[in-house]
Amino acid sequence: QVQLVESGGDLVQPGGSLRLSCAASGRGFDAYDMGWFRQAPGKQRELVARITTGGRSFYADSVKGRFTISRDNARNTIYLQMNSLKPDDTAVYYCNRVTLFFPWGQGTQVTVSS
């Protein structure tokens, strides 16, 4: 069973940048489309970026042009580079398969505030 560990979250000022990482244990990581999700207080979890096994990336409109998802299959890791951060980006960020989810990790908190 794959286990997911997210890291890199922090408190950052509006306009700042962060890079999140998600390390996956287990085999077969490179066989799955993967995504970054986020959940803000009182809101449902939403998919903000996904990357296919072939490296194609797709983004929610709310983050397009500001976030970049990437993957390193040799390290079983996916990344989310977040630039021009806004207060609305404040949330707990999780990674997972896009469908047929693995068990969720603990997430990493991103807080954008002055």
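Q: Ground rules before we start: what counts as a local feature here?
A: The model is predicted, so local features need pLDDT of at least 70, side-chain atom pairs count only at pLDDT 80 or more, and totals for chains, interfaces and linings use all residues. Residues are numbered from 1 along each chain as its sequence is written, and side-chain values use heavy atoms, with hydrogens and water left out.

Q: Where does Arg71 lie?
A: In strand E7, residues 67-72. Strands (E, at least two residues) are DSSP runs, numbered from the N terminus.

Q: Is Arg71 buried or exposed?
A: Arg71 is buried. Buried means under 20% relative accessible area, exposed over 50%, and partly exposed in between, with a 1.4 Å probe and protein chains only.

Q: What does the side chain of Arg71 reach, then?
A: The backbone oxygen of Thr52, at 3.1 Å. The Arg71 side chain also makes a polar contact with the side chain of Asn73, at 2.9 Å. A polar contact is a pair of N or O atoms within 3.5 Å; within protein, one must be able to donate a hydrogen and the other to accept it, and residues adjacent in sequence count only if both atoms are side-chain atoms.

Q: Where is Thr52?
A: In the loop between strand E5 (46-51) and E6. Thr52 counts as buried because its relative accessibility is 15%. Leaving aside neighbours within four places in sequence, Thr52 is in contact (heavy atoms within 4.5 Å) with Asp33, Phe58 and Arg71.

Q: Back to E7. Which residues are on its covered face?
A: Phe67, Ile69 and Arg71. The uncovered face has Thr68, Ser70 and Asp72. In a regular strand the side chains alternate between the two faces of the sheet.

Q: Which sheet order includes E7?
A: E1-E3-E8-E7, an open sheet of four strands with antiparallel pairing. Its edge strands are E1 (4-7) and E7, and each pairs on one side only. Neighbouring strands are turned by 15 degrees against each other on average, direction ignored. Two strands pair if DSSP finds at least two bridges between them.

Q: How many bridges join E7 and E8?
A: Six, in the antiparallel sense; E8 covers residues 77-82. Phe67 stands opposite Met82, and Asp72 has Thr77 as its bridge partner. The hairpin has four residues between the strands, and Asn76 takes a positive phi near 50 degrees.

Q: What about the six strands, in what order do they run?
A: E2-E10-E9-E4-E5-E6, open, with mixed pairing. E2 (11-12) and E6 (57-59) stand at the edges with a single partner strand each, so one side of each lacks a neighbour in the sheet.

Q: How does E2 pair with E10?
A: In the parallel sense, over two bridges; E10 is residues 108-112. Val12 has Val112 as its bridge partner there.

Q: Last one: which strand holds Ser7?
A: Strand E1. Ser7 is partly exposed, with a relative accessible area of 36%. Beyond its neighbours within four places in sequence, Ser7 is in contact with Arg19, Leu20, Ser21 and Thr108.

Key: Lys and Arg count as positive and Asp and Glu as negative; His and the chain ends are not counted. A salt bridge is a side-chain nitrogen of Lys or Arg within 4 Å of a carboxyl oxygen of Asp or Glu. Axes are lines fitted to C-alpha atoms, for helices over the stretch in contact, and angles run from 0 to 180 degrees between N-to-C directions.
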